[in-house]
Amino acid sequence: MLSLFSLLISLGLVGAAASSGARFRPDGWYRQLAKPAWTPPDLAFPIAWGILYLLMALAAWRVFLAEPSTWRTAGLIVYALQLAANAAWSWLFFGRRQILLGLLDIALLLGLIAVSIALFARSSVLAAWLMVPYLLWVTLALALNASVWRRNRRA
């Protein structure tokens with residue numbers, strides 16, 4: 001029963017972070033920005049994020065179920081910090097229309113994801129691997145954010 005309850009908590013925490021992306025969405029301002037030709041189509045984002053959020057929740061759940069240790073605790077703390085940085089990005093970029101602050105946030109997010117993966121690997125190799133697609137997607141998102149900032153910094 002604890003296992004199911006902890007999975008639901010993990011899904012709920014990820015859902016809370018995801019709600020920022022649902023609240024602060026691309027609008028006319030974003031559509032008018034100059035973007036690189038390699039920008040993924042709009043439909044790719046909710047599909048990718050849906051999958052990634054599920055993988056993230058499963059990873060954190062696996063770590064939570066691991067044997068208690070300093071590594072597990074540190075991993076879950078850093079994971080919570082990256083969830084906060086994840087939620088902040090949509091608010092900064094779409095809500096506040098602060099491309100540079102979004103870029104700084106996503107750079108922090110990428111670092112926190114990398115640290116989460118390293119710490120998760122100490123408790124669950126599977127959990128660490130479940131976070132790798134997220135790391136790759138956020139790397140792409142960072143490059144996209146940087147390109148949008150470079151192309152629009154005078155706007």
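Which residues does Ser-90 touch, not counting residues up to four places away in sequence?

**View 1. Ser-90 and its contacts in the predicted model.** Ser-90, which is found in helix 4, touches Ser-20, Gly-21, Phe-24 and Gly-95 once residues up to four places away in sequence are not counted, where contact means heavy atoms within 4.5 Å. At 9% relative accessibility Ser-90 counts as buried (buried means under 20% relative accessible area, exposed over 50% and partly exposed in between, with a 1.4 Å probe and protein chains only). This is a predicted model, in which local features need pLDDT of at least 70 and side-chain atom pairs count only at pLDDT 80 or more, while totals for chains, interfaces and linings use all residues. Residues are numbered from 1 along each chain as its sequence is written, and side-chain values use heavy atoms, with hydrogens and water left out.

**View 2. Helix 4 against helix 5.** Helix 4 (residues 70-95) and helix 5 (residues 99-123) pack at an angle of about 160°, with their axes 8 Å apart; helices are DSSP runs of H or I with at least four residues, numbered from the N terminus, and axes are lines fitted to C-alpha atoms over the stretch in contact, with angles running from 0 to 180 degrees between N-to-C directions. That angle makes helix 4 roughly antiparallel to helix 5 (angles under 35 degrees count as roughly parallel, over 145 as roughly antiparallel, 65 to 115 as roughly perpendicular and the rest as oblique). Helix 4 passes helix 5 in a left-handed crossing, meaning that the near helix is turned anticlockwise from the far one by less than a right angle. The residues of this contact divide into 20 nonpolar, six polar and three charged, where Ala, Val, Leu, Ile, Met, Phe, Trp, Tyr, Cys and Pro count as nonpolar, Asp, Glu, Lys and Arg as charged, and the others, Gly among them, as polar.

**View 3. Helix 3 against helix 4.** The axes of helix 3 and helix 4 come within 10 Å and cross at roughly 155°, and the two helices are therefore roughly antiparallel to each other. Helix 3 passes helix 4 in a left-handed crossing. On the helix 3 side the contact includes Trp-49, Tyr-53 and Met-56, and on the helix 4 side it includes Arg-72, Leu-76 and Tyr-79. By class, the residues of this contact divide into ten nonpolar, two polar and one charged.

View 4. Leu-83 lies in helix 4 and is buried, with a relative accessible area of 8%. Leu-83 and Leu-13 are 70 residues apart in sequence and 8.2 Å apart in space, C-alpha to C-alpha; Leu-83 touches Leu-13, Val-14, Ala-17 and Met-56, not counting residues up to four places away in sequence. Ala-80, also found in helix 4, counts as partly exposed at 42% relative accessibility, and its C-alpha atom is separated by 8.7 Å from that of Leu-13, 67 residues apart along the chain.

**View 5. Met-56 within the largest nonpolar core.** The largest nonpolar core has 44 residues, and Met-56, Tyr-79 and Phe-93 are among those with the most contacts inside it; such a core is a set of buried Ala, Val, Leu, Ile, Met, Phe, Trp, Tyr and Cys residues joined through side-chain atoms within 4.5 Å. Leaving aside its neighbours within four places in sequence, Met-56 is in contact with Val-14, Tyr-79, Gln-82, Leu-83, Asn-86, Met-131 and Tyr-134.
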